[in-house]
Amino acid sequence: MDREAETVHEAYSFVCLHCGHGWEERYEIRHTTDLSGRRRAVYYSGGARVPSPLSRTECPACNLGPLRILRPGRVESARMFLP
């Protein structure tokens, strides 16, 4: 049972260092503290529970990696310079 909950929204940009694919995802993160005082975060994307983006290791385009996580907006700003 959780004692308190806080929900925040964060976005992350990702780029695959293998194939160069870049993408961004927005997450709803629910931070909770259980009755024992342990903190945890549960991530949601598109309404579905997902693993932490910090644990992601595979690119959705090539199924390889490694991935680099960037500040939000970095992928979109780079696309402005592509033909």
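Glu25 counts as buried, at 19% relative accessibility; buried means under 20% relative accessible area, exposed means over 50%, and partly exposed is in between (1.4 Å probe, protein chains only). This is a predicted model, where local features need pLDDT of at least 70 and side-chain atom pairs count only at pLDDT 80 or more, while totals for chains, interfaces and linings use all residues. Residues are numbered from 1 along each chain as its sequence is written, and side-chain values use heavy atoms, leaving out hydrogens and water.

So who does Glu25 pair up with? Its salt-bridge partner is Arg56, with the closest N and O atoms 2.5 Å apart. (A salt bridge is a side-chain nitrogen of Lys or Arg within 4 Å of a carboxyl oxygen of Asp or Glu.) This pair ties together distant parts of the chain, 31 residues apart: Glu25 sits in strand S2 (residues 22–34), and Arg56 in the loop between strand S4 (48–50) and strand S5 (67–70). Strands (E, at least two residues) and helices (H or I, at least four) are DSSP runs, numbered from the N terminus. Arg56 is partly exposed, at 32% relative accessible area.

## The other salt bridges

How many salt bridges turn up in a search of the whole structure? The search finds three.

Another one joins the side chains of Glu28 and Arg30, at 2.7 Å from N to O. Glu28 is partly exposed, with a relative accessible area of 23%, and Arg30 also counts as partly exposed, at 34%.

Then there's Arg38 with Asp34, whose closest N and O atoms are 3.1 Å apart. Here Arg38 is exposed, at 56% relative accessibility, whereas Asp34 is buried, at 15%.
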